[in-house]
Structures are given as structure tokens and as C-alpha cells.
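The stops below are given in the order in which they may be selected.

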Amino acid sequence: MPVKINYHRCNGCKACYNHCPADLFGWDEERDIPYIAYPDECWHCGICKMECPVEKAIELTLPPQCWLEINKRFISKLSAPTEFQWPEEG
Ligand code: SF4
Ligand code: SF4
């Protein structure tokens, strides 16, 4: 599952539920907490994690194909080292 909620940390603020553009979150009215209703629909946009006010209440795992795409886009823009330098001692 790409998104996990850490219920030990979640304060039930509903930000993830309100901001997910894919409407992935359901809301448990009895316990007043979110749940992941449609895990396969996640876009991996990261908005839920960005909007969540509690550190580590949401864990987002990017699938391998996302990392391949990120690598393709950004690693080619990094300049390759032209020579190797040993770190200075002391
Ligand atoms: S990563 Fe994006 S699509 Fe996936 S649950 Fe979070 S807000 Fe929704
Ligand atoms: S945004 Fe974070 S703290 Fe708020 S309900 Fe969602 S997981 Fe819980």
C-alpha cells in the first residue's frame, strides 16, 4: 500500500481526507479517523503528507517506477565529476 496512516500519531484533523485529489481516503465516523479506502488509486502526489500537520502520521512509499522516472528526469541534469579528489586529512 503506497500510503499508510500511523494511528498512534494521527489527530483526526481530516486534512488528508479533504485534500487528496484522488479521493482515496474514507472517514471512519465512529472513531473519527481516516482510512485508506482505495489504495490502488493513489497518484503518489504527496499532498496528503504535505498537508498533514503531524510529523510521520502519514507514510508514503513511492513505487519503483516512480524512482525510475525521477532518476531519468533529474540525474541527467547533474554534472558528472571530472576528476576524483581524495578528501583532505585533518
Ligand atoms: S499521495 Fe496523493 S493521491 Fe495518494 S493518498 Fe496522498 S494525496 Fe491522495
Ligand atoms: S492529515 Fe494527518 S493527522 Fe490529519 S487526519 Fe490525516 S493522517 Fe491524521
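Which residue in β3 is the bridge partner of Asp28? It is Ile33. This is a predicted model, in which local features need pLDDT of at least 70 and side-chain atom pairs count only at pLDDT 80 or more, while totals for chains, interfaces and linings use all residues. Residues are numbered from 1 along each chain as its sequence is written, and chains are lettered from A and ligands numbered from 1 in the order in which they are written.

Select residues 25-28 and 33-36, which are strands β2 and β3. Helices (H or I, at least four residues) and strands (E, at least two) are DSSP runs, numbered from the N terminus. The two strands run antiparallel and are joined by four bridges; strands pair if DSSP finds at least two bridges between them. Four residues lie between the strands of this hairpin, where Asp32 takes a positive phi near 60 degrees.

A residue is near a molecule if its C-beta atom, placed from the backbone, lies within 6 Å of it.

His44 has a positive phi near 60 degrees although it is not glycine.

**Ligand 2.** Move to ligand 2, which has 13 residues around it; Cys10, Cys13, Ala15, Cys16 and Cys52 come nearest. Its shell comprises ten nonpolar, two polar and one charged residues.

Then select Lys14, in the loop between β1 (3-5) and α1 (15-19). Its phi, near 80 degrees, is positive in a residue other than glycine.

**Val3.** Return to Val3, which is in contact (C-beta atoms, placed from the backbone, within 7 Å) with Ile36, Cys42, Cys48, Ile58 and Leu60, leaving aside neighbours within four places in sequence.

**Helix α3.** Finish at Glu69 in helix α3 (residues 64-74). Glu69 is exposed, because 11 other C-beta atoms lie within 10 Å. Its C-alpha atom is separated by 32 Å from that of Trp86, 17 residues apart along the chain.

Methods
Nonpolar A, V, L, I, M, F, W, Y, C, P; charged D, E, K, R; others polar. Contact = placed C-beta atoms within 7 Å. Buried ≥ 20, exposed ≤ 12 C-beta atoms within 10 Å, placed from the backbone.
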